[in-house]
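Subject: Structure handover

Hi,

Here is the structure we talked about. My notes follow below it.

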Amino acid sequence: MKEYRPSKRGAYVLLIWLAAAALIMSLICGIIAAFSITAGVAAFIVIALIALAEAIVIIPAYIKNKLTEVSEKRIIISGGIIFRHKRIISRSKIIYVSRIKTPVSAIFGLCSIRLSTAGSVFLIPLLAQKESEELMSLI
C-alpha cells in the first residue's frame, strides 16, 4: 500500500490564500470603520485573531492529518482536524482523474488530484508534482 501526504510546501500555498482572504476582510473592516470606528476596530481584531489561529494551528494540523493510501483495489482518503473522516473508494468505480494546478500552487511545484466517481468527487490536495504524476499513473 503506497501512502501520499500533502507536501510541506502546501502550507505556504494555504498561507497565501489565507493572507488574501484576510486582506479582503480587512478592507471590509475599513468600510465598517467609516461608519463606526469601534465596530471596525473590533471586526479587524476578530479577523486578525482568526487568521492567526488558522496560520498557527489549523493549517499545520490539516497538512499533518491528510493521508491518501492506494492499494490494488481501493483508495483510502483520510483527514480532518476536529472530526476525523475516512473515505474508501473502489478503484473500479473511478470514472476519471484530473489534475488541478492553481497559479499559486504552480509556483511551489504543487498540484491537486480530483477523482470522480458516479456520484461523488474526491480531492487529494497539494501533492508535489512528481507524486501527483506517480499517483495518476497508479490510478
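Ile75 has contacts well beyond its own stretch of sequence. Leaving aside neighbours within four places, Ile75 is in contact with Thr68, Glu69, Val70, Arg87, Ile88, Ile89, Arg91, Ile94, Leu115 and Ile139. Contact here means heavy atoms within 4.5 Å.

Some ground rules. This is a predicted model, where local features need pLDDT of at least 70, side-chain atom pairs count only at pLDDT 80 or more, and totals for chains, interfaces and linings use all residues. Residues are numbered from 1 along each chain as its sequence is written, and side-chain values use heavy atoms, with hydrogens and water left out.

**Core**

Ile75 belongs to the largest nonpolar core, which has 12 residues. E7 gives the most, with 3 residues. Apart from this core lies another, of 9 residues, among them Val13, Ile59, Val104 and Leu126. A nonpolar core is a set of buried Ala, Val, Leu, Ile, Met, Phe, Trp, Tyr and Cys residues joined through side-chain atoms within 4.5 Å. Buried means under 20% relative accessible area, exposed over 50%, and partly exposed in between (1.4 Å probe, protein chains only).

Thr68 touches Ile75 too. Thr68 is found in strand E2 (residues 67-70). Thr68 counts as buried because its relative accessible area is 2%.

**Hairpin**

Strand E3 (residues 74-79) and strand E4 (residues 85-90) pair in the antiparallel sense over 6 bridges. The bridge partner of Ile75 in E4 is Ile89. E3 and E4 form a hairpin with 5 residues between them. Gly80 in the turn has a positive phi of about 110°. Helices (H or I, at least four residues) and strands (E, at least two) are DSSP runs, numbered from the N terminus. Two strands pair if DSSP finds at least two bridges between them.

**Open sheet**

3 strands form an open sheet in the order E5-E6-E7, with antiparallel pairing. Strand E5 (96-100) and strand E7 (121-128) are the edge strands, each pairing on one side only. Neighbouring strands of this sheet are turned by 20° against each other on average, direction ignored. E5 and strand E6 (residues 110-116) pair over 5 bridges. One of the partners is Leu115 in E6, bridged to Val97.

Helix H4 (residues 129-138) lies across E5, E6 and E7. H4 runs at about 140° to E7. Axes are lines fitted to C-alpha atoms, for helices over the stretch in contact, and angles run from 0 to 180 degrees between N-to-C directions.

- Ser116 lies in strand E6. Ser116 is buried, because its relative accessibility is 4%. Ser116 touches Lys93, Ile94, Ile95, Tyr96 and Val121, not counting residues up to four places away in sequence.
- Leu126 is in strand E7. Leu126 has a positive phi of about 55° although it is not a glycine. Leu126 counts as buried at 8% relative accessibility.
- Ala128 is also placed in strand E7. Ala128 counts as buried at 16% relative accessibility. Leaving aside neighbours within four places in sequence, Ala128 is in contact with Ser7, Arg9, Gly109 and Leu110. The C-alpha atoms of Ala128 and Ser112 are separated by 8.6 Å, and the two residues are 16 apart along the chain.

**Helix H1**

Helix H1 (residues 10-35) has 26 residues. H1 reaches 38 Å from its first C-alpha to its last, close to the 38 Å expected at 1.5 Å a residue. The expected span is 1.5 Å times one less than the number of residues. Gly10, Ala11, Val13, Leu18 and Cys29 are buried in H1. What covers the buried residues of H1 includes helix H2 (37-65), helix H3 (103-107), E6 and E7.

**Cysteines**

How many disulfides are there? The count comes to 0, where a disulfide is a pair of cysteine sulfur atoms within 2.5 Å. Cys29 is buried, with a relative accessible area of 4%. Cys111 is buried, with a relative accessible area of 1%.

Best regards
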